[in-house]
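Work through these exercises with the model open beside you. Try each task before reading its solution.

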Amino acid sequence: MRVTHLSTYHLFGGAAVAATRLHRALQQQSWGNVPVESTMLVGTANRLETHRAESGVLYLANNFLAEQTAFGRFVAERLYFLPHERDHSVRFQFSPAKFGAALDFHPAIQQADILHLHWINFGFLSLNGLQSLFNLGKPIVWTLHDQWAFTGGCHYSRGCDHFLSNCHRCPYLKKPSENDLSHRIFSQKKAIFDKARIHFTPPSHWLATEAQRSALLREFPFTVIPYAIDQTIFKPIDRAEANAHLELPTTNQPRLLFGSANVTDVRKGFRYFAEALTLLHQQHPDVTPEILIFGKGRSYLFNELPYPVRHLGVLTSAEDIVAAYNAADAMVVPSLEDNLPNTVIEAMACGTPVVGFRTGGIPEMIDHQQNGYLADIGSAQQLGDGLAFILEHGSPEILRQNARQSAENRFSEDVVAKQHIELYQTLMSERVKE
């Protein structure tokens with residue numbers, strides 16, 4: 001069984017990390033007595049990461065000229081969207097998929113029994129490139145990491161429901177109209193998908209429901225399979241060891257952790273976290289946590305928080321990330337829209353309870369008051385109540401044990417890899433019967 005995964009990036013961004021983790025998990029599995037041959041074809045290295053040699057990972061941009069060409073496709077994609085964008089805040093929230101590489105003749109594609117798509121935007125695959133892959137007739141699995149596959153270009157619809165019928169008057173665009181860019185992209189996707197045979201594997205039931213309601217994907221088969229995580233790496237470690245790794249002082253002061261690829265991303269909800277901390281300070285004056293934050297950027301709200309803040313910057317190694325989770329009493333995920341956040345999976349695998357909003361796939365991960373706390377979306381008061389629940393809990397070790405156990409049951413590499421292999425087997429058998 002030869003599976004080729006397609007991903008714009010290798011280790012940059014949550015979708016790429018999830019794809020790489022699945023690739024690694026599959027390499028440890030067998031189909032019958034034969035090892036699964038998993039290959040990952042990556043578009044390019046992001047400017048924040050370098051090429052990292054890894055078994056089975058191939059870079060399409062594998063030399064200087066190819067890297068420049070890949071960067072050119074990325075720039076062309078952004079320039080194409082520039083005249084249409086509402087403002088700079090949505091610049092990377094909408095992908096027209098106008099430019100991409102031709103992959104259908106790549107050896108990793110030609111030799112594969114199964115093509116597994118992940119996040120393929122930013123100049124890696126265009127809509128025409130997708131059409132070429134569909135035309136090969138190979139079984140295709142597509143893990144949805146956001147809503148892009150069934151919208152007119154946005155990655156998260158932010159409350160807009162036009163994708164249920166036909167995208168138009170897009171709130172991301174400068175001049176929304178009946179025949180705007182979102183409508184044209186939606187129509188092109190419809191023409192491509194009408195003849196395609198794809199099995200979609202969203203990692204959350206929330207995303208599956210959204211996709212199955214959409215006009216583009218409602219006729220396709222779906223199987224919900226969560227993300228995998230290596231629980232020999234992401235695991236509980238001694239708090240003193242975590243503190244020492246991050247050069248944090250050993251103290252009895254509790255710590256709350258917030259992390260995001262971009263701290264200032266409105267969708268990640270830092271503003272609600274800041275408001276919840278203010279309420280916590282007012283209503284529970286005896287609770288005095290330190291705030292740990294990792295990710296790119298600094299919010300202007302940092303200086304307004306009622307507690308000391310320690311910005312850890314961008315954490316790139318697993319050791320750093322594991323230490324951050326283990327140094328905290330709780331992970332806070334106040335996302336306004338999210339699929340199945342890696343931060344929640346990672347925190348739980350490290351035995352760290354999670355406080356988050358009841359949105360997207362997050363309620364499928366947090367068992368309320370068992371391994372964390374769920375707040376109604378947008379309620380800073382309930383978010384603050386959740387922080388108080390964790391920090392004042394009489395048996396914090398019970399919460400930590402529950403978090404670890406839930407991660408073992410739901411997100412272990414073995415469990416997730418076997419679900420994918422069973423699906424691959426089914427699709428390959430169906431193709432043979434034809």
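Two strands pair if DSSP finds at least two bridges between them. Helices (H or I, at least four residues) and strands (E, at least two) are DSSP runs, numbered from the N terminus. This is a predicted model: local features need pLDDT of at least 70, side-chain atom pairs count only at pLDDT 80 or more, and totals for chains, interfaces and linings use all residues. Residues are numbered from 1 along each chain as its sequence is written, and side-chain values use heavy atoms, with hydrogens and water left out.

**Exercise 1. The sheet around β1**

Solution: 
- Step 1. Start with β4 (residues 37–42). It pairs with β1 (residues 2–7) in the parallel sense, over 6 bridges.
- Step 2. Turn to β6 (residues 114–117). It runs parallel to β1 and is joined to β1 by 4 bridges. H5 stands opposite H116 in β6.
- Step 3. Axes are lines fitted to C-alpha atoms, for helices over the stretch in contact, and angles run from 0 to 180 degrees between N-to-C directions.
- Step 4. Check the cover. Of the 6 residues of β1, 5 are buried (under 20% relative accessible area; exposed is over 50%, partly exposed in between; 1.4 Å probe, protein chains only).

**Exercise 2. Two helix pairs**

Task: How are α4 and α5 oriented to each other, and how are α10 and α12?

Solution: 
- Step 1. Recall the classes. Angles under 35 degrees count as roughly parallel, over 145 as roughly antiparallel, 65 to 115 as roughly perpendicular and the rest as oblique.
- Step 2. Take α4 (residues 127–134) and α5 (residues 181–193). Their axes lie 10 Å apart, at about 5°. α4 and α5 are therefore roughly parallel.
- Step 3. List the contact (heavy atoms within 4.5 Å). L127, N128, Q131 and F134 of α4 meet I185, Q188, K189, I192 and F193 of α5. These residues split into 5 nonpolar, 3 polar and 1 charged. Ala, Val, Leu, Ile, Met, Phe, Trp, Tyr, Cys and Pro count as nonpolar, Asp, Glu, Lys and Arg as charged, and the others, Gly among them, as polar.
- Step 4. Take α10 (residues 342–349) and α12 (residues 396–411). Their axes come within 7 Å and cross at roughly 120°. So α10 and α12 are oblique to each other.
- Step 5. List this contact too. I345, M348 and A349 of α10 meet A403, R404, S406, A407 and F411 of α12. By class, 6 are nonpolar, 1 polar and 1 charged.

**Exercise 3. Q147**

Task: Is Q147 buried or exposed, and which residues does Q147 touch?

Solution: 
- Step 1. Locate Q147. Its place is in the loop between β7 (140–142) and α5.
- Step 2. Read the area. Q147 has a relative accessible area of 1%, so Q147 is buried.
- Step 3. List the neighbours. Not counting residues up to four places away in sequence, Q147 touches C154, H155, Y156, S157, F163, W206, L207, E210 and E337.
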